[in-house]
Each structure stands twice: as C-alpha cells, then as structure tokens.
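Please look at the sequence and the 3D structure below, and keep both in view while reading.

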Amino acid sequence: RGRMNILKGVNDSVVIDDTYNASPVAMEEGFRSVEVLEVAGRKIAILGDMLDLGRHSASEHQRLGEFAGKIFEDIITVGIRAKEMKESVIKSGIDPTHVVCFDTSSEAGEYLKSFIKKDDLIYVKGSQGMRMERVVEKIMLNPKDKAKLLVRQEEEWVKKA
C-alpha cells in the first residue's frame with residue numbers, strides 16, 4: 001500500500017497512490033514512471049514536502065519541481081518545502097495558474113474533488129509526515145475501502161493530526 005498503487009478515482013480518473021514516503025530518488029523515479037504513460041486526460045501531480053533532507057532540502061525541491069513541470073500539466077504542492085517547487089515549476093514553462101499550493105494534505109484533497117476531470121491521471125507523493133494518504137482518501141472512488149487500500153490506516157495513525 002502506498003507504493004505506486006493504482007486506484008480508481010473520482011470523476012472517472014486514475015490515482016497513483018505513492019504516499020508511503022518520499023525521497024528525491026523515489027520522487028524522481030515516480031515521475032519517470034508517469035512520464036511514459038499515455039493518458040486521455042491531464043497528468044496532475046500532488047506533491048508534499050520531502051522531509052529530513054537537511055541542507056539539500058531547498059535544492060532537491062527546486063530540482064524536482066523543474067522536472068515535474070516537464071511531465072505534469074498541473075501541480076499541487078502541500079507544505080512549506082514543496083512551495084519551494086513553485087518557482088522552479090514555473091521556470092520549466094508551466095503557466096503559473098496551473099500551480100496551486102496548500103499547507104495541508106486535507107486542504108489539497110478538498111480542492112481536488114472538484115478539480116479532477118474524466119480521464120485525468122493523478123500522482124500523489126510526499127513524506128509520511130505530510131500524510132498524503134489523506135489526499136488519496138478524498139479523491140479515491142471508494143473511500144469506504146480505505147482501510148484495505150491506503151497506507152497508515154491503523155488507529156494510532158488515523159488519530160494523529
């Protein structure tokens with residue numbers, strides 16, 4: 001669960017749940033996987049902070065933002081560090097109106113429910129502390145199945161802020 005797991009999403013979309021955790025290498029490989037997919041709709045990335053990168057945090061978020069901007073039509077970021085991606089995403093050529101930033105995964109999930117259209121592919125990734133599985137819960141077709149499909153559904157995790 002939470003590792004490139006393909007789920008049916010709202011509005012006849014497809015969600016790639018890669019929310020188990022995030023590092024620069026894992027995020028880059030996820031991008032490469034999405035890059036080769038042909039989709040009828042948009043490719044949308046929901047990217048949360050990558051935590052515990054120390055002095056490499058800013059440069060890695062910026063580098064991956066630029067890379068993401070070459071693959072995805074729309075990018076939604078979650079967290080303070082992921083906001084650093086915004087400028088590099090825009091540098092890659094994406095229209096600034098296609099980059100939206102949120103502080104929490106719950107806010108991003110609420111936004112996405114009305115943003116997603118038929119045939120869109122949504123890739124969700126971020127460090128476990130960002131709780132990106134909450135985004136997936138909001139946009140998956142059958143949220144009642146979350147306990148068996150999503151990562152961190154144990155009682156102690158669900159209760160955490």
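The buried residues of helix α1 are P24, M27, E28, G30, F31 and V34, where buried means under 20% relative accessible area, exposed over 50% and partly exposed in between, with a 1.4 Å probe and protein chains only. Seen down the axis of α1, these buried residues fall within an arc of 160°, so they line one face of the helix; the arc is that of the directions from the helix axis to the C-beta atoms. This is a predicted model, in which local features need pLDDT of at least 70 and side-chain atom pairs count only at pLDDT 80 or more, while totals for chains, interfaces and linings use all residues. Residues are numbered from 1 along each chain as its sequence is written, and side-chain values use heavy atoms, with hydrogens and water left out.

**Helices**
- Helices (H or I, at least four residues) and strands (E, at least two) are DSSP runs, numbered from the N terminus.
- The twelve residues of α1 (residues 24-35) should span 16 Å at 1.5 Å a residue, and the end C-alpha atoms are 16 Å apart, which agrees; the expected span is 1.5 Å times one less than the number of residues.
- The buried residues of α1 pack against β2 (13-18), β3 (43-48), α2 (57-69), α4 (85-91) and β6 (121-125), with contact meaning heavy atoms within 4.5 Å.
- In α2, the buried residues are S57, E60, H61, L64, G65, F67, A68 and G69, and what covers them includes α1, β3, β4 (74-78), α3 (80-83) and α4.

**The sheet**
- Six strands form an open sheet with mixed pairing, in the order β1-β2-β6-β3-β4-β5, where two strands pair if DSSP finds at least two bridges between them.
- β1 (5-9) and β5 (99-102) stand at the edges with a single partner strand each, so one side of each is left without a neighbour in the sheet.
- β2 and β6 pair in the parallel sense over five bridges, and D18 stands opposite K125 in β6.
- α1 lies across β2, β3 and β6, running at about 170° to β6; axes are lines fitted to C-alpha atoms, for helices over the stretch in contact, and angles run from 0 to 180 degrees between N-to-C directions.

**The loop residue D95**
- D95 is found in the loop between α4 and β5, and at 39% relative accessibility D95 counts as partly exposed.
- The C-alpha atoms of D95 and E73 are separated by 8.9 Å, although these residues are 22 residues apart along the chain.
- A polar atom of the D95 side chain lies 2.8 Å from the backbone nitrogen of T97.

Definitions and conventions. Polar contact = N/O pair within 3.5 Å; in protein donor to acceptor, adjacent residues only side chain to side chain.
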